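Here is my note on the fold, as numbered points. Please read it with the model open.

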Amino acid sequence: MNILFNKAPIVHNYEDWVKGDRRALFVTGLSGSGKTTAAKSISDKTGAKLVSLDQYIRKLVRNNSTEELKTDSDYNNAYYKRAIELILRDNPEGKLVVEGTHIAWFDPEKIKKDHALMILRTSLLNSTTNAVKRNLGKEHLAKWGKPNLDIPIKYNLQNYSGISNFAKKVDMS
């Protein structure tokens, strides 16, 4: 990943997923990188079910299903792993397209072994600009009532190194 310039996406096992040899395609990248747009397009073209990792995270929080995870020394990682387990459990049949920033918190070897993976490497500048524009849009304002301009900036700065390191691990293996 780059701060100023976009790079080509990293893609693993996509053809196997299209043929049906892999169950899920995980799409990740920074907020505003085009994850949801790419995932929706792929879902529409292939008939695969589109699933948002964020929706499952909210479901865990809403149902207070996180207490058991607090004993894990790597709480955040355990939290997101649990969400992925629920996604796969709740959708036992057919192909899935799962999109979310926090996919990068998982073990890339496990994902590559069992599933397909797409990492969008839109630059930090472009991703953050897109996220800020989205947060100024009518849909966001209708849902949240006010623009949250600092959130995508902080969020992307926090996640930039994690997604960059994840992309490096995936690309090297």
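**Notes on the sheet, a helix and the cores**

1. Strand β2 (residues 24-28) runs parallel to strand β5 (residues 116-121), and four bridges join the two. Within that pair, Val27 has Met118 of β5 as its bridge partner. Strands count as paired if DSSP finds at least two bridges between them. Helices (H or I, at least four residues) and strands (E, at least two) are DSSP runs, numbered from the N terminus.

2. A caution on the source: this is a predicted model, where local features need pLDDT of at least 70 and side-chain atom pairs count only at pLDDT 80 or more, while totals for chains, interfaces and linings use all residues. Residues are numbered from 1 along each chain as its sequence is written, and side-chain values use heavy atoms, with hydrogens and water left out.

3. The whole sheet is open and has five strands, ordered β1-β5-β2-β4-β3, with mixed pairing. β1 (7-12) and β3 (49-52) are the edge strands, each pairing on one side only. From one strand to the next, the twist averages 15 degrees.

4. Helix α2 (residues 35-46) packs on this sheet and touches β2, β3, β4 (96-99) and β5. Contact means heavy atoms within 4.5 Å. The direction of α2 makes about 175 degrees with that of β4. Axes are lines fitted to C-alpha atoms, for helices over the stretch in contact, and angles run from 0 to 180 degrees between N-to-C directions.

5. Which residues of α2 are buried? They are Lys35, Ala38, Ala39, Ile42 and Ser43. Seen down the axis of α2, they fall within an arc of 130 degrees, so they line one face of the helix. The arc is taken from the directions from the helix axis to the C-beta atoms. On the other side, Thr37, Asp44 and Lys45 are exposed. Buried means under 20% relative accessible area, exposed over 50%, partly exposed in between (1.4 Å probe, protein chains only). After α2 comes Gly47, with a positive phi near 80 degrees.

6. The largest nonpolar core has 29 residues. Such a core is a set of buried Ala, Val, Leu, Ile, Met, Phe, Trp, Tyr and Cys residues joined through side-chain atoms within 4.5 Å. Those with the most contacts inside it include Phe26, Val98 and Leu117. α4 (75-90) gives the most to this core, with six residues. A second, separate core has eleven residues, among them Leu25, Ala48, Met118 and Leu120.
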